[in-house]
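Hi,

Here is the structure I promised to pass on.

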Amino acid sequence: METQESLRAKYNPEGSELRHLQMRMLDILIAVDEICRRHDIPYWIEGGTLLGAVRHGGFIPWDDDLDIALMKQDYHKLLGYLEKELPTCYKLQTHKTDRNYYLAFAKIRETDSIIKEVGEYDNFYTYQGIYIDIFPVEPVFPFLSKISSYLTYLLRSVATSKRWGKQLLVEVLFILSRWSNSIFRLFGMIKASSMFSVSYGSYFPYRCKKDVFFPLSEIVFENHRFKAPHQIDTYLRSMYGNYMELPEEDKREKHIVNVKFKK
């Protein structure tokens, strides 16, 4: 039987590259949490990050990803504060701050590292350091959410295409990302149900009522307290089912294939 200690020893022992990466992501989260608390912006740790907090007390041992989420109206407020108040070692990454960035949600990137992700769909981004993801949440229709997820998949397929030269590919991605985001905005204007999920342009397999998220609770993650959904068990079950059961080894996925620390 695998224990927390054996998992840690196998995947992210102290001093390992993965553990170093995880601690750098944690530093970004701490900086964002401070800004959110300063301006009373209600966010929560999301997806595998929340699962890790519940099941492991911190990062899932093999995880190289960190996610937070917040309601769409708060998301836009937070982006404004982040542009002005992030420490200089971090950069907000959106269509506005990085012309070559084509995803529909924001990232906060380090400037003191460079990573390469599985699939290398991030080759053309201006900022390529260690990051955390920031997802807006709103009422969505599952069918439209799946369409938007497919459009994002097509964008990533174009980004990894070898058919065109780099400069032409950058321009094609720029046009396609603006076109797809216009579609996502149109989807968002359609009055949806009372069920919430991550906004169009990304895809998480859950649908929750607003009272699953609010009022927010707090949870310990890597010995720090961060915001979490109100009904954590309901949220995690809607996304993972029996979330306390460890996945098979061949399903313990990673996002990053290479990381270089500048300091």
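A cis peptide bond joins Phe 214 to Pro 215, with omega at about -5 degrees. For the element names, helices (H or I, at least four residues) and strands (E, at least two) are DSSP runs, numbered from the N terminus.

Some housekeeping before the rest. This is a predicted model, where local features need pLDDT of at least 70 and side-chain atom pairs count only at pLDDT 80 or more, while totals for chains, interfaces and linings use all residues. Residues are numbered from 1 along each chain as its sequence is written, and side-chain values use heavy atoms, with hydrogens and water left out.

Two residues in the loop between β9 and β10 (224-228) are worth a look: Glu 222 and Asn 223. Glu 222 has a positive phi, near 50 degrees, without being a glycine. Asn 223 is not a glycine either, and its phi is positive at about 70 degrees. Are they buried or exposed? Glu 222 counts as buried because its relative accessibility is 13%, whereas Asn 223 is exposed, with a relative accessible area of 74%. The cut-offs are under 20% relative accessible area for buried, over 50% for exposed, and partly exposed in between (1.4 Å probe, protein chains only).

The largest pocket holds about 1300 Å³ of space. It is lined by 41 residues, and the closest to its centre are Asp 65, Phe 204, Tyr 240, Glu 253 and His 255. Helix α5 gives the most to this lining, with 5 residues; α3 (47-56), β6 (131-139), α5 and α8 (232-240) each supply at least two. By class, the lining of the largest pocket has 17 nonpolar, 11 polar and 13 charged residues. (Ala, Val, Leu, Ile, Met, Phe, Trp, Tyr, Cys and Pro count as nonpolar, Asp, Glu, Lys and Arg as charged, and the others, Gly among them, as polar.)

The second largest pocket has about 380 Å³ of space. Of its 20 lining residues, Tyr 75, His 76, His 95, Ala 104 and Asn 181 lie nearest its centre. Here α4 (72-85) gives the most, with 5 residues. The lining of the second largest pocket divides into 10 nonpolar, 5 polar and 5 charged residues.

How were these found? The search uses a 1 Å grid over the protein atoms alone: a cavity is a set of points where a 1.4 Å probe fits but cannot get out, a pocket is an open set with protein on both sides within 12 Å along at least five of seven lines, and lining residues have an atom within 4 Å of a point. Grid points are joined across faces, edges and corners, and a volume is the space filled by probe spheres set on the points.

The cavity

Helix α6 (166-189) gives the most to the lining of the largest cavity, with 3 residues. That lining has 5 nonpolar residues, 3 polar and no charged.

Salt bridges

Side chains of opposite charge can pair when their charged atoms come close. With a salt bridge taken as a side-chain nitrogen of Lys or Arg within 4 Å of a carboxyl oxygen of Asp or Glu, the count is 16.

- Glu 110 and Arg 24 meet at 2.5 Å, N to O. This pair links strand β4 (residues 106-110) to helix α2 (residues 17-38), 86 residues apart, and both residues are buried.
- Arg 99 and Glu 171 meet at 3.2 Å, N to O. They connect the loop between β3 (90-93) and β4 with helix α6, 72 residues apart.
- Arg 19 and Glu 14 meet at 3.4 Å, N to O. Arg 19 is buried at 6% relative accessible area, while Glu 14 is exposed at 61%.

There is also a network of salt bridges linking Asp 33, Arg 37, Glu 218, Arg 225 and Lys 227.

Happy browsing!
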